[in-house]
Amino acid sequence: MERLEAFASRLIEGWSARLFGAKLQPVQIAKRLIRAMEAHQTISLSKTFVPNSYVVSLSPSDFEQFAQYRRSLEQDLAEAVLGGARDRNYTLLAFPTVEMERDEDLAPGDLRVSCALVDASGEEVTPDSKTLGAVAAGHTMVLDREKLLREKPRAPKASLAFHDGSDRREIPVGAEPLAIGRDPQNDIVLDDRRVSRKHAEIRLRLGRYTLYDLQSTNGTYVNGRRVAEMVLSDGDRVAIGGVELQFRSAD
């Protein structure tokens, strides 16, 4: 019955947007995130665990309307997940993260939510893992909103190695998005005219690092193949303009 109600709700929201031309609102995204959280509970002894890593897929037009303040909205949505978990007495293993992405197959007003249970190291946790057993036994702190708000989520150890002139540099990749491009405001600045000002970005998504091409002029290549987005693995070679960066992961 709950699945039928959730399906009917999604159907009505989507048709309302298409029939009346209403723009997707952040509150609608927040409600869908809470529903996804409630639908993916893992009960272990006296605690109820819920996902803390979420990806929201939006239609191209809906994605564009949030583009200018996407990061700030993602943070607000993460706080909404945190508040929802606290109100329902759910347990989170780490501070929740929300990432919005474009999906060409979705119609305006429609959205899709993917989620996973990820521990503080960025690793996905399965319902029968030892991590949940340890938390259920009381060895890990259960949801504490103030503590989680103060702490930054940890992430799997990884880095990007590349040559900067005659020097070889290695830049760590972490929980915060890492921007690559010609603009001096980027985390990795590449002085090459073939590189767009905001060329690419690496983000932590569901416990894995994903490379996104930001609609650059000359494209982003991984191991010789042009990509729009791709989950990176240890040893992958990323070509941007005339620069090659090697992704290194401790996994």
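**Sheet pairing and helix packing in a predicted model**

User: In what order do the six strands of the open sheet stand?

Analyst: This is a predicted model, in which local features need pLDDT of at least 70, side-chain atom pairs count only at pLDDT 80 or more, and totals for chains, interfaces and linings use all residues. Residues are numbered from 1 along each chain as its sequence is written, and side-chain values use heavy atoms, with hydrogens and water left out. Strands are DSSP runs (E, at least two residues), numbered from the N terminus, and two of them pair if DSSP finds at least two bridges between them. The pairing in this open sheet is antiparallel, and the order is β7-β6-β16-β15-β12-β13.

User: Which strands stand at the edges of this sheet?

Analyst: Neighbouring strands here are turned against each other by 30 degrees on average, direction ignored. An edge strand has a single partner strand, so one side of it is left without a neighbour in the sheet. The strands in that position are β7 (167–173) and β13 (225–227).

User: Which residue of β15 is the bridge partner of Thr220?

Analyst: Strands β12 (residues 220–222) and β15 (residues 237–240) run antiparallel and are joined by three bridges. In β15, the partner of Thr220 is Ile240.

User: Are the two faces of β3 buried or exposed?

Analyst: Buried means under 20% relative accessible area and exposed over 50%, with partly exposed in between (1.4 Å probe, protein chains only). One side of β3 carries Ser53, Val55 and Ser57, and the other carries Tyr54, Val56 and Leu58. Six of the six residues of this strand (residues 53–58) are covered in this sense, and both faces are therefore, by the under 20% criterion, buried.

User: Which residue of β5 stands opposite Tyr54?

Analyst: β3 is joined by six bridges to β4 (residues 97–102), which runs parallel to it, and there Ser57 has Glu101 as its bridge partner. With β5 (residues 111–116), β3 pairs in the antiparallel sense over six bridges. In β5, the residue opposite Tyr54 is Cys115.

User: How are α2 and α4 oriented to each other?

Analyst: The axes, lines fitted to C-alpha atoms over the stretch in contact, with angles from 0 to 180 degrees between N-to-C directions, come within 10 Å and cross at roughly 45 degrees for α2 (residues 26–39) and α4 (residues 70–87). Angles under 35 degrees count as roughly parallel, over 145 as roughly antiparallel, 65 to 115 as roughly perpendicular and the rest as oblique. The two helices are therefore oblique.

Conventions. Helices (H or I, at least four residues) and strands (E, at least two) are DSSP runs, numbered from the N terminus.
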